[in-house]
Amino acid sequence: MSKKIQAIRGMNDLLPSESNLWLALEDTINQLLISYGYKYCRTPIVENTETFSRAIGEVTDIVEKEMYTWKDLSGESLTLRPEATAGIVRMMIEHNLPREGIQKVFYLGPMFRHERPQKGRYRQFHQVDVEVFGVADAKIDAELIDITNSLWKLIGINNASLEINSLGSSETRSSYRKLLQNYFIDNKSQLDEDSIRRLTTNPLRILDSKNSEMETLIESAPKMIDHLDDESAEHFSAFKNYLDCLEIPYSINPRLVRGLDYYNRTVFEWISNDLGAQGTICGGGRYDELVKALGAKCDRPAIGFALNMDAVIKAKECCS
C-alpha cells in the first residue's frame with residue numbers, strides 16, 4: 001500500500017470552513033491601514049540569501065539555524081524569506097522609492113523558518129508587515145502603536161498588553177554591548193550553553209533567554225535604558241508622551257531586544273496573555289541604519305512592525 005501523502009509538519013492547510021475568519025481579518029487590516037494612508041506592496045517569496053544575512057545579522061538564530069537556503073542551478077544562494085522587512089528595504093533601494101518622499105507601505109503573506117513546530121510557531125507562518133520610510137520623528141512610532149491598538153478594538157482582542165524599550169544608537173549600543181559582555185563574563189558560571197555561545201557573538205540576546213534559572217542574573221544585568229545617548233533618550237521620552245496622549249497603556253521592558261540585529265531606538269511588542277509562552281502577536285521597531293547597510297547611498301530613517309496572523313487568529317478566538 002502506498003504511503004499516505006501529507007502536508008509538511010509545521011506547514012498547515014487553511015480549510016474552507018476556516019476561510020471566512022481569515023478573509024474577514026485580512027479585509028479589516030487592509031481597510032484600517034489604507035485609512036491611515038498606507039499602500040499595499042508585494043515582494044518575492046525567494047530572495048538572495050545575502051539580503052537576509054546582511055539585514056538580520058550573521059549571528060542571529062534565524063540566519064544560523066532557521067533559514068531555508070539552497071543553491072540554484074547558477075550556483076547562486078537563495079532563501080525562502082524568514083521575514084519581510086529585508087525584502088521590502090531591498091525593493092525600496094532597487095526601485096529608488098525613497099526619492100519620491102515618505103513611503104508608508106504594508107504587505108501580507110507567508111514567511112518560512114526551519115524550526116521545531118509548536119503551538120503558535122510554524123515553519124510556514126503568515127504575517128502582515130507595515131513599514132514607514134523617511135520619518136525620524138517619534139510621532140510615527142506612536143502612529144504604528146495607535147494602528148495596532150485600533151485593530152485590537154476592531155477585532156475584539158481585549159487583553160493585549162504593550163511592552164516598549166529603546167536600544168539607543170549604534171554607538172551607544174556598541175558601548176552597552178561591551179558593558180553587558182563584561183557583566184556576563186564575570187558571571188559565566190551561571191550561564192547556560194546557549195548563552196555562553198551568545199556571549200561572544202551577540203550578548204544582547206542573552207537578555208531574551210527563557211531559562212528560568214538565569215532570571216535573577218538577567219534581572220540584575222545593566223539595562224540599556226540607563227545608558228542611552230541624549231538623542232535616543234529624547235526620542236524615547238517623546239514616544240512615551242505620544243502614547244500617554246493617545247491613552248495607550250504600556251510597560252517598559254528593559255529585556256526587550258527583539259531577535260534581529262537591525263533594530264535601533266524604539267522596539268515594542270504586543271503580548272496576548274491567552275497564548276502562554278508564545279504570546280507575542282505583534283512586534284517591531286526602528287531600523288534607521290538598515291537602508292544604507294543594504295546598499296543605499298545615504299541613511300533613511302525607517303520603522304515597522306510584523307503582525308503574526310496565526311497568533312492573532314488564536315488570540316481572537318480566545319476572546320470570542
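In helix 1, the buried residues are Ser19, Trp22, Leu25, Ile29, Leu32 and Leu33. The model is predicted. Helix 1 covers residues 16-35, 20 residues in all. From its first C-alpha to its last it reaches 29 Å, close to the 28 Å expected at 1.5 Å a residue. An α-helix has 3.6 residues a turn, so residues three or four places apart point the same way. Just after helix 1, Gly37 adopts a positive phi of about 90°.

One of the buried residues of helix 1, Leu25, is also touched by Val312. Val312 lies in helix 11, which spans residues 309-319. Its relative accessible area is 0%, so Val312 is buried. Leaving aside residues up to four places away in sequence, Val312 touches Leu25, Trp152, Ile155, Ile157, Ile281 and Leu307. Among these, Ile281 falls within the residue range of strand 10 (residues 280-286). Leu246 is 66 residues from Val312 along the chain, and the C-alpha atoms of the two are separated by 23 Å.

Helix 2 (residues 49-56) packs on helix 4 (residues 85-94). Two packed helices are described by the angle between their axes and the distance between the axes. For helix 2 and helix 4, the angle is about 105° and the axes are 9 Å apart. Helix 2 is therefore roughly perpendicular to helix 4. The contact brings Thr51, Phe52 and Ala55 of helix 2 against Ala86, Gly87 and Arg90 of helix 4. By class, this contact has 3 nonpolar, 2 polar and 1 charged residues.

Helix 2 is mostly covered, with 6 of its 8 residues buried. These are Thr49, Thr51, Phe52, Ser53, Ala55 and Ile56. Gly57 follows helix 2 and has a positive phi, near 120°.

Strand 9 (residues 264-272) has 9 of its 9 residues buried, so it is largely enclosed by the rest of the structure. Strand 9 pairs with two strands, strand 7 and strand 10. Strand 7 (residues 160-166) runs antiparallel to strand 9, and 7 bridges join them. Here Glu163 has Glu269 of strand 9 as its bridge partner. Strand 10 also pairs with strand 9 in the antiparallel sense, over 6 bridges. In this pairing, Phe268 is bridged to Gly284 of strand 10. In a regular strand the side chains alternate between the two faces of the sheet.

Definitions and conventions
Residues are numbered from 1 along each chain as its sequence is written. This is a predicted model: local features need pLDDT of at least 70, side-chain atom pairs count only at pLDDT 80 or more; totals for chains, interfaces and linings use all residues. Side-chain values use heavy atoms; hydrogens and water are left out. Helices (H or I, at least four residues) and strands (E, at least two) are DSSP runs, numbered from the N terminus. The expected span of a helix is 1.5 Å times one less than its number of residues. Buried means under 20% relative accessible area, exposed over 50%, partly exposed in between (1.4 Å probe, protein chains only). Axes are lines fitted to C-alpha atoms, for helices over the stretch in contact, and angles run from 0 to 180 degrees between N-to-C directions. Angles under 35 degrees count as roughly parallel, over 145 as roughly antiparallel, 65 to 115 as roughly perpendicular and the rest as oblique. Contact means heavy atoms within 4.5 Å. Ala, Val, Leu, Ile, Met, Phe, Trp, Tyr, Cys and Pro count as nonpolar, Asp, Glu, Lys and Arg as charged, and the others, Gly among them, as polar. Two strands pair if DSSP finds at least two bridges between them.
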